[in-house]
Amino acid sequence: MSAEAVAINMAARASIWLKPHRIVLILIALALVLCAAFFMRWDWLPQYWEMGLIGLWRSLWILAVTCALGFALAVPLGLAQAGGPIWFSAPAKAFCTIIRGTPLLLQLWLLYYGLGSIFPQYPWIRESWLWPYLRQAWPYAVVALTFSFAGYEGEVMRGAFAGVPRGQLEAARAFGMSRWKIFRRIWLPQAFYRALPTLTGETVLQLKSTPLVATISVIDIFAVSSKVRQDTYLTYEPLLLLALIYMTITGILVFVFSRIEARIPVKIG
Amino acid sequence: MELLSPVAPGWGGTLLVGLLHSIEIAVGATCLGLMIGTAGAFGKLYGGPVTRDLLAVYTTIVRAVPELVLILLLYYAGTDLINQMLTAIGYSRVDISGLAAGIFVLGFVQGAYSTEVIRGAILAIPQGQIEAARAYGMSPGLMLRRITLPAMLPFAIPGLANLWLIATKDTALLAVVGFFELTLATRQAAGVTKAYLLFYLAAGALYLALTLFSNLIIGRVEAWSRRGMPSVKEAR
């Protein structure tokens, strides 16, 4: 692209923001932000920002791990529902229905309080190497969020696997590919491309579910803001900052996924 | 098992009352969300530039911030605002009922999502139908009632049904602000009796039953809203 074209492109982009009513709205928003910065209390920030960073790191870490594990679990779930025999597809369908039909908060409490109260009754669990982990809260949070992501994404992957044209798979078989190779080279990549737009939405939804882990005493960014609220008796400031943080993360996620989506050939199937 | 019996020594009655409160909130929030969503969708499509931008800000922010944070923010901000307004015009402070606050908060969140669903559904109506309505000289109100709303319904029902299911599950979040609904009732019952697993499984079964029952109804409603349209399967 020539320099002139770049300049025109940039001018077109800038003009979207420079319409008169938008300028007024942006000024009003800036004024609101400045009011918030000057008239609200932010003196607690230096004391808590280190804790906040640790909490933020923990939130992001839980998000990344549960999305990765959940997706790994969603692939077999989707595959079993799309093309598996009934003794695979029926349990997979039941799993997805149960996960999607009950609130995540309830699943989380079921695992943490329910299973967590059962485990200590068995001495062989208390003596096993797993016990130091089972006594903490985060493994329950990771398991619950992973199952939730797998349940929702499994349904998406079912549609994606079923949507890959049969001709593609038949052609692969005609080339003499083994079943595993067909899956790895043809079926999974094409299904993944189909599922990618919804994957963005699911990841944002997953981000918005992470604050629930604070209710089972995992100290994520939401728990830090609750602690600030308890310590300083401030209602709005920590919550507003928290909302801003989540909005920023959402923006970054959407941007990154749109970049990945842009790299993928548009016409498929 | 006798812990689940609906009469006094058992906690089944408590759970059922909680379920009733959950359903009340979900119904209220969905109705409020539908009203906000319809108004918002029309504002986004036919409103002036300022209305459109403000609605875009509303839907973007509400959909980007976790429901739990929004619930806390709106719950405190909403009750605070109403009380300040009341004291400003000379009334004494009131306690906002948890039911009203819950419906307002969840309805506000649902409104953002249903705005997008209804906007998409209106855009999916074949343009000719609206042009034909204009050509007949229908007023905007009549066109809305006779053409736009019924014609968009088949496109909007799947999305709105999803929102209803999300609303029933989002009521669980109100447990965090201390509203007595199914999840909090479960927690109390489990805390008293120490039978955690039993009560959480029972509550899960109740939520699941609600979802499956809703799915049945939704299937009927969808078939009704599609009456007279060619089936998708035949079209292929």
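Which residues of the largest nonpolar core touch the most other members?

Reply: Happy to! Keep in mind that this is a predicted model. The largest nonpolar core holds 103 residues, and those that touch the most other members are A:L105, A:M157, B:I71 and B:Y200. Helix α8 of chain A, residues 138-163, gives the most to this core, with 12 residues.

Let's stay with A:L105 for a moment. Leaving out residues up to four places away in sequence, A:L105 touches A:L212 and A:T215 in chain A, together with B:A172, B:L173, B:A175 and B:T183 in chain B.

That brings us to the meeting of the two chains, where 29 residues of chain A are in contact with 32 residues of chain B. On the chain A side, two or more residues come from each of α2 (20-39), α4 (86-101), α5 (104-118) and α12 (236-262). Of these, α5(A) gives the most, with 9 residues. Sorted by class, this side of chain A has 19 nonpolar, 8 polar and 2 charged residues.

Now for the partner. Chain B has 9 helices and 0 strands, and its C-alpha trace spans about 65 × 55 × 30 Å along its principal axes. Of its 236 residues, 35% are buried. Among contacts in chain B with a separation of 6 or more, 75% join residues 24 or more positions apart.

Back in chain A, the domain assignment gives domain 1 (1-39) and domain 2 (47-262), and 36 Å separate their centres, taken over C-alpha atoms.

Key. Residues are numbered from 1 along each chain as its sequence is written. Chains are lettered from A and ligands numbered from 1 in the order in which they are written. This is a predicted model: local features need pLDDT of at least 70, side-chain atom pairs count only at pLDDT 80 or more; totals for chains, interfaces and linings use all residues. Two residues are in contact if their C-beta atoms, placed from the backbone, lie within 7 Å. Helices (H or I, at least four residues) and strands (E, at least two) are DSSP runs, numbered from the N terminus. Ala, Val, Leu, Ile, Met, Phe, Trp, Tyr, Cys and Pro count as nonpolar, Asp, Glu, Lys and Arg as charged, and the others, Gly among them, as polar. Domain bounds come from an automatic or database domain assignment. A nonpolar core is a set of buried Ala, Val, Leu, Ile, Met, Phe, Trp, Tyr and Cys residues joined through C-beta atoms within 7 Å. A residue is buried if 20 or more other C-beta atoms lie within 10 Å of its own, exposed if 12 or fewer, and partly exposed in between; C-beta atoms are placed from the backbone.
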